[in-house]
Amino acid sequence: MNKIQACIIVSSVLLSACSPLESTTRDNTAAINDPSTSIETLLSPKRTSIFTYPLAVNEAQSEMGINGVLHWQDGCLYLKNGTSKVTPIFPESVTSWDEEQRIITLNGHKFRIGDTVSTNGGAGNYDPDKDNYFKHQGDSACLTDELFFLGTQIQVTDTK
């Protein structure tokens, strides 16, 4: 077997390893066709897009209530309420995400996928033609037409 045949076989095996096995696997169609894409990028699972906004902890916050069940789908985090799902926007200074366990910590409270989240906050509309702030934080496909801006006065109820 010559070097060209060996390269073709190795390339075929590597590319077939990149085909989606489950919803957490990255869609690599565009990346596979880009010769500058590294093997590590092609084989890595899709990272969750978490969107945040700047908020000082002592800053005045909206009293409006936000409620929903924390939902993860295709690398996107949502709050579901009935049949609707909305992208939550978290206060950046008090939010952290554990990708491996899919736990978000907001102001010291841990949220697991399936937990009901009740907090203060407000809603706003997302216009992809005018709003570039959130596009650069994660996958813009995760941004819904309506956004929930979560506050720091939270309650978590386990639904499991």
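Which backbone oxygen lies 3.1 Å from a polar atom of the side chain of threonine 119? That oxygen belongs to glutamine 153. Before I go on, remember that this is a predicted model.

Stay with threonine 119. Its side chain also reaches the backbone oxygen of glycine 151, at 3.4 Å. Both of those partners, Gly151 and Gln153, are in its contact list. Leu150, Thr152 and Ile154 are there too.

Is threonine 119 buried or exposed? With a relative accessible area of 5%, it counts as buried, because the cut-off for that is under 20%.

Now the strand around it. Threonine 119 is found in S8, which covers residues 116–125. Of the 10 residues in S8, 7 are buried, so the strand is largely enclosed by the rest of the structure.

What pairs with it? S2 and S8 run antiparallel, joined by 5 bridges. In that pairing, asparagine 67 stands opposite serine 118. Asparagine 67 also has its C-alpha atom 6.7 Å from that of threonine 119, although the two are 52 residues apart along the chain.

Next, the cores. The largest nonpolar core has 17 residues. Which of them touch the most other members? Leu77, Ile104 and Leu150 do. At least two residues of this core come from each of S2 (65–73), S3 (76–81), S4 (84–91), S6 and S9 (146–157). There is also a second, separate core of 11 residues, and Tyr53, Tyr78, Cys142 and Leu143 are among them. As a general point, nonpolar side chains in soluble globular proteins tend to be buried together.

Look at leucine 77 for a moment. Its contacts beyond four places in sequence include Ile50, Leu70, Trp72, Phe90, Trp97, Ile104 and Ile113.

Last stop, the open sheet. It has 3 strands in the order S5-S6-S7, with antiparallel pairing. S5 (95–98) and S7 (109–112) stand at the edges with a single partner strand each, so one side of each has no neighbour in the sheet. From one strand to the next, the twist averages 20°. S5 and S6 (residues 103–106) pair over 4 bridges. Serine 96 stands opposite threonine 105 there.

To close, go back to threonine 119: a buried residue, with its side chain by the backbone oxygens of glycine 151 and glutamine 153.

Note on methods:
Residues are numbered from 1 along each chain as its sequence is written. This is a predicted model: local features need pLDDT of at least 70, side-chain atom pairs count only at pLDDT 80 or more; totals for chains, interfaces and linings use all residues. Side-chain values use heavy atoms; hydrogens and water are left out. Buried means under 20% relative accessible area, exposed over 50%, partly exposed in between (1.4 Å probe, protein chains only). Contact means heavy atoms within 4.5 Å. A polar contact is a pair of N or O atoms within 3.5 Å; within protein, one must be able to donate a hydrogen and the other to accept it, and residues adjacent in sequence count only if both atoms are side-chain atoms. Two strands pair if DSSP finds at least two bridges between them. Axes are lines fitted to C-alpha atoms, for helices over the stretch in contact, and angles run from 0 to 180 degrees between N-to-C directions. A nonpolar core is a set of buried Ala, Val, Leu, Ile, Met, Phe, Trp, Tyr and Cys residues joined through side-chain atoms within 4.5 Å.
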